[in-house]
Amino acid sequence: GEALAVSARVAPLGSRLVLLLVEDLTEARRIEAVRRDFVANVSHELKTPVGALSLLSEAVMDAADDPEAVTRFAGRMQIESTRLTNLVQELIDLSRVQNDDPLEDAEPVRVDELVAEAIDRCRHQAGTKQITMAAGGTADLHVWGNRGQLAAALGNLVENAVNYSPARTRVGIAARRVAAPGGDLIEIAVTDQGIGISEKDRERVFERFYRVDPARSRATGGTGLGLSIVKHVVASHGGEVTVWSAEGQGSTFTLRLPEAGSVRDRARAERVRG
Ligand code: ADP
């Protein structure tokens, strides 16, 4: 194909260069394929709620003389439009975390505030399922980064913990400082007693639109984008996210982020990011 043609043309220049060029083209082609897949996935994901809305509005028109049915269809229309709104919002968030440099307006961010915000965001959902949320160890810890992005990342993890857990279970958020070669890190772990994630799926849940159980994800308003947003946020902050899980017992998602501190801060986050 194209890569071979190029390698033949530059062959006289030396084999190192040829190899590099071929690799570049392969990478470029991979990126192009990912982009095409992404557009196809977005189109598909948008079509589902739009299609449902269209059918439901027809159903409402047909049921004009049955007020109860109209109310029922209208309720479902509301669910579908919420889904559409969530999806569009998450696409905007994803594009933002992929394109903006979070360290442009990085600052020390209080971990207790991030955690309180994340818990607040899920309070309603947790309440209806009688899920207890508890946080510990967050006092006096600060991470270095973009407040809005960090809040989105932690919020997504706590939201998932609540969504993928049965009623009357517990979601715990624990924070601590851990020593690391390049400077201290802040670790924030979100633990649930939910359905868990199999080993095979654990590697894939951070991919865009990947869902273990699409029907279940959809039922909770999931878009399949939450964890890919988390992954991007931590990567651009010079941090990491890992997952531990036992099927049927629960999962722990752990964020590790640079601590905000005297010598570290920006220089360090930049260094770790490479
Ligand atoms: P979604 O919007 O579907 O929740 P995410 O990207 O946040 O998308 O997560 C991807 C998939 O990973 C989910 O659909 C779900 O199957 C799985 N998952 C995420 N968090 C958890 C969790 N705490 N427990 C079990 N499964 C989870």
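These questions and answers walk through a predicted model.

Trainee: What should I know about the numbering and the model before starting?
Mentor: Residues count from 1 along each chain as its sequence is written.

Trainee: How far apart are the end C-alpha atoms of residues 41–261?
Mentor: Over this stretch the chain is 50% helix and 21% strand. Helices (H or I, at least four residues) and strands (E, at least two) are DSSP runs, numbered from the N terminus. The end C-alpha atoms are 41 Å apart.

Trainee: Is the crossing of helix 4 and helix 5 left-handed or right-handed?
Mentor: Helix 4 is residues 111–128 and helix 5 is residues 147–163. Their axes come within 8 Å and cross at roughly 40°. Axes are lines fitted to C-alpha atoms over the stretch in contact, with angles from 0 to 180 degrees between N-to-C directions. With the near helix turned clockwise from the far one by less than a right angle, the crossing is right-handed.

Trainee: Which residue has a polar backbone atom 2.7 Å from an oxygen atom of the ligand?
Mentor: A polar side-chain atom of N160 lies 2.8 Å from a ligand oxygen atom. A polar backbone atom of G226 is 3.3 Å from a ligand oxygen atom. The 2.7 Å distance belongs to T223.

Note on methods:
This is a predicted model: local features need pLDDT of at least 70, side-chain atom pairs count only at pLDDT 80 or more; totals for chains, interfaces and linings use all residues. Side-chain values use heavy atoms; hydrogens and water are left out. A polar contact is a pair of N or O atoms within 3.5 Å; within protein, one must be able to donate a hydrogen and the other to accept it, and residues adjacent in sequence count only if both atoms are side-chain atoms.
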